[in-house]
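Here's a quick briefing to read with the model open next to you. Have a look at the fold, then work through the points by topic.

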Amino acid sequence: MASILRLRKLCYVEPVKCSPLGFESFESPKSEKEPFEPPKVEILEKQLVDEIVVLDKQKRKKPKRGPREWRCVDYCCWIIGYLCTTWWLLLLLYHSLPANLPGLKVAEPPGVRLKREGVTALHPLVLVPGIVTGGLELWEGKPCSEGLFRKRLWGGSFSEIFKRPLCWLEHLSLDNETGLDPPGIRLRAVPGLVAADYFAPGYFVWAVLIENLARVGYEGKNMYMAAYDWRLSFQNTEIRDQALSRLKSKIELMYVTNGYKKVVVVPHSMGVIYFLHFLKWVESPPPMGGGGDPGWCDKHIKAIMNIGPAFLGVPKTVSSLLSAEGKDVAFIRAMAPGLLDSELLGLQTLEHALRVSRTWDSMISLMPKGGETIWGNLDWSPEEDYGCVSAKKTNMQPSGGISINNTDGKRGLRIQESVKHGRIISFGKDASRLPSSQVPNLGSKEFVHATTSSNPNTSCGEVMTEYDEISRESIRKVAENKAYTARSLIDLVRFVAPKMMQRAEAHFSHGIAENLYDPKYSHFKYWSNPLETKLPDAPDMEIYCLYGVGIPTERSYVYKLSPSDRCRSIPFQIDSSADGSEDGCLKGGVSFVDGDESVPVLSAGFMCAKGWRGKTRFNPSGISTYVREYRHKPPVSLFEGRGLESGAHVDIMGNVALIEDVLRVAAGATGKELGGDRIYSDILRMSERINIRL
């Protein structure tokens with residue numbers, strides 16, 4: 001108001017000079033005939049006051065926001081928040097409500113029940129973890145690893161993946177020439193039971209089994225985790241870390257300090273063939289072997305309870321070595337094309353995974369063994385017409401008897417279309433189905449590749465894989481309309497990863513021995529292949545094959561050439577568009593058979609069902625073998641976690657029936673006292689179809 005009064009005063013005194021304030025003169029042009037009239041200042045003042053009031057109201061009045069437009073990310077965040085909140089509320093109710101309410105009673109642990117029945121610790125136990133489940137800690141590293149001394153780089157929180165991913169990958173890699181530590185880096189296995197009790201926080205591996213063993217009296221003095229660096233070849237674990245010597249000494253010590261009771265060994269997954277290597281190593285003369293007596297195993301070992309054994313290899317290893325893929329990666333690529341192939345920030349995920357895993361010699365130990373005799377050829381496979389569809393609910397009900405030999409074909413998982421599982425790798429859906437006469441023959445010329453030295457565009461990208469040294473024309477020749485069996489895919493892997501295979505094939509073999517008494521089989525490269533080595537002379541020892549069934553398991557793949565033209569990229573990828581009939585094996589470029597989600601029944605059960613059954617050339621002393629299968633049953637509720645009756649490759653470690661079997665054998669029971677074989681799959685029929693000299 002003060003400014004308005006000042007304006008009024010100025011206009012009365014000097015009406016013509018009001019323009020500097022932003023207003024024009026209120027004085028009309030002078031006319032000699034018209035007398036002077038003062039401007040109507042009162043009207044102007046009223047207008048100014050009204051405008052100021054309106055502006056003041058507009059400033060004080062909050063503008064109304066229109067409805068916010070929701071984006072996809074908003075919906076995703078709300079859904080995730082809703083699910084997390086619901087889960088925590090249910091968890092709170094579960095722990096708050098009385099345990100005697102219907103459906104909320106916690107199942108009694110098998111260790112508690114067996115202890116009540118009088119089962120107590122008797123034989124000392126040795127646990128042998130498999131690939132990737134054991135923790136690795138840093139003892140020496142590059143400058144980028146500052147602050148990580150003796151911290152877990154594998155088998156923990158995995159936080160370093162996000163903090164310094166390239167540094168983390170560099171320290172997990174082994175030397176490409178020696179298969180041992182790179183210069184300036186030392187990564188070692190975590191010692192003790194904590195090495196593999198949990199893979200990550202909340203994700204158990206051995207923890208549930210260890211807890212139940214503790215309930216019947218096991219502790220540190222009679223239970224030992226034989227941790228080792230699972231990246232190395234089996235013989236290199238001895239050369240670098242003396243892991244085999246320490247295992248031998250530990251078994252001998254436990255045998256003596258526990259009243260000369262024989263040891264029960266429980267290996268899992270790749271740990272099964274690692275311990276098979278140990279059985280031959282411990283009785284072989286030095287310097288290659290451990291120098292034990294010929295009867296060392298019979299003296300010290302009561303039983304070997306192999307969980308999820310990969311005796312004859314795993315087909316998914318081949319896809320991992322070709323393109324760092326499996327069914328899950330192929331699914332992600334189909335749902336979100338380009339996500340895993342992105343070059344954002346240089347994090348080419350699959351290229352890095354392939355580069356690192358190809359430095360791990362242990363990967364080659366899991367390649368399919370036995371060639372076409374075991375895994376089939378272009379026209380035949382042991383799983384013909386079986387194992388492609390999930391079992392019907394009627395077939396998944398628990399059986400009344402404990403010993404079941406299921407050889408009735410009607411109980412098999414039949415399909416309508418014929419899937420040629422013997423073609424482990426097919427380039428194109430047609431190549432996976434065509435008659436063998438129409439599949440192009442593989443000649444030696446295809447596997448002689450031209451290098452990229454003639455290609456000037458070899459400097460793009462930062463991720464190095466062995467594909468960098470192969471011309472795209474050579475890659476196209478080995479791929480177009482070709483199909484590879486267990487015999488020919490060895491040549492394919494040699495072609496795409498020559499450095500890795502040259503290094504690793506000095507430590508592993510994948511054939512079938514014609515004459516096991518040939519001196520060449522005394523070399524350690526054959527010791528982890530059950531088809532190229534003999535079991536020890538230990539007639540009192542027992543061998544168990546314990547594995548899950550009823551889960552679709554990867555068996556063969558349909559591939560295509562990658563559409564990416566950039567150099568230093570993976571030229572192959574699973575063809576996720578390749579599907580079979582609605583109830584067939586082939587889904588998203590992957591065909592399935594019966595197994596535990598990782599290891600097919602054929603690999604897990606053949607040696608116990610046929611290869612070692614009775615006295616054979618692979619089992620000259622007639623060690624008793626038992627097949628114990630566990631039907632997969634998914635969790636009935638969220639509160640059951642990963643399931644008490646799961647048959648999945650890792651989740652089976654929490655299966656109550658498997659835990660009970662292990663506890664009873666550790667307490668002195670024999671295979672016959674357990675009930676002998678328990679078979680739900682078609683492993684016996686598959687074994688009959690395999691024509692192998694025993």
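Predicted model: local features only at pLDDT ≥ 70, side-chain atom pairs only at ≥ 80, totals over all residues.

Residues are numbered from 1 along each chain as its sequence is written, and side-chain values use heavy atoms, with hydrogens and water left out. Helices (H or I, at least four residues) and strands (E, at least two) are DSSP runs numbered from the N terminus.

**The three-stranded sheet**

- Three strands make an open sheet in the order S3-S2-S4, with antiparallel pairing; two strands pair if DSSP finds at least two bridges between them.
- S3 and S4 are the edge strands, each pairing on one side only.
- From one strand to the next, the twist averages 45 degrees; axes here are lines fitted to C-alpha atoms (for helices, over the stretch in contact), and angles run from 0 to 180 degrees between N-to-C directions.
- Helix H6 (residues 165-172) packs on this sheet and touches S2, S3 and S4, its direction making about 80 degrees with that of S3; contact means heavy atoms within 4.5 Å.
- Strand S2 (residues 136-140) is joined to strand S3 (residues 152-154) by two bridges, and the two run antiparallel.
- In S3, Arg152 is the bridge partner of Glu137, and Trp154 is the bridge partner of Leu136.
- On the S4 side, S2 pairs with strand S4 (residues 186-189) over four bridges, again in the antiparallel sense, and Leu138 has Leu187 as its bridge partner there.

**The six-stranded sheet**

- A second open sheet has six strands in the order S7-S1-S8-S9-S12-S16, and here the pairing is parallel.
- Its edge strands are strand S7 (223-225) and strand S16 (624-631), each pairing on one side only.
- Neighbouring strands of this sheet are turned by 15 degrees against each other on average, direction ignored.
- Strand S1 (residues 125-128) runs parallel to S7 and is joined to S7 by three bridges, with Leu125 standing opposite Met223 in S7.
- H9 packs on the sheet, touching S1, S7 and strand S8 (263-267), and its direction makes about 175 degrees with that of S7.
- H10 lies across S1, S8 and strand S9 (301-307), running at about 150 degrees to S9.

**Helix pairs**

- Two packed helices are described by the angle between their axes and the distance between the axes.
- For helix H7 (residues 207-215) and helix H21 (residues 656-666), the axes come within 10 Å and cross at roughly 45 degrees.
- That angle makes H7 oblique to H21; the classes are roughly parallel under 35 degrees, roughly antiparallel over 145, roughly perpendicular from 65 to 115, and oblique for the rest.
- Val208, Leu209, Asn212 and Leu213 in H7 meet Ile659, Val662 and Leu663 in H21.
- By class, the residues of that H7 and H21 contact are six nonpolar, one polar and no charged; Ala, Val, Leu, Ile, Met, Phe, Trp, Tyr, Cys and Pro count as nonpolar, Asp, Glu, Lys and Arg as charged, and the others, Gly among them, as polar.
- The axes of H8 and H9 come within 6 Å and cross at roughly 85 degrees, so H8 is roughly perpendicular to H9.
- In H8, Phe234, Gln235, Thr237, Glu238 and Asp241 meet Ala243, Leu244, Ser245 and Arg246 in H9.
- That contact of H8 with H9 splits into three nonpolar, three polar and three charged residues.

**Disulfides**

- The structure holds two disulfides, a disulfide being a pair of cysteine sulfur atoms within 2.5 Å.
- One of them joins Cys144 and Cys167, whose sulfur atoms are 2.1 Å apart.
- The link of Cys144 and Cys167 is right-handed, with 80 degrees about the S-S bond.
- Cys144 sits in the loop between S2 and S3 and Cys167 in helix H6, so the pair ties together parts that are 23 residues apart in sequence.

- Most residues other than glycine have a negative phi, and most peptide bonds are trans.
- Gln242 has a positive phi, near 55 degrees, and lies in the loop between helix H8 (234-241) and helix H9 (243-257).
- The peptide bond from Pro286 to Pro287 is cis, with omega near 5 degrees.
- Pro287 is found in the loop between helix H10 (270-283) and helix H11 (296-300).
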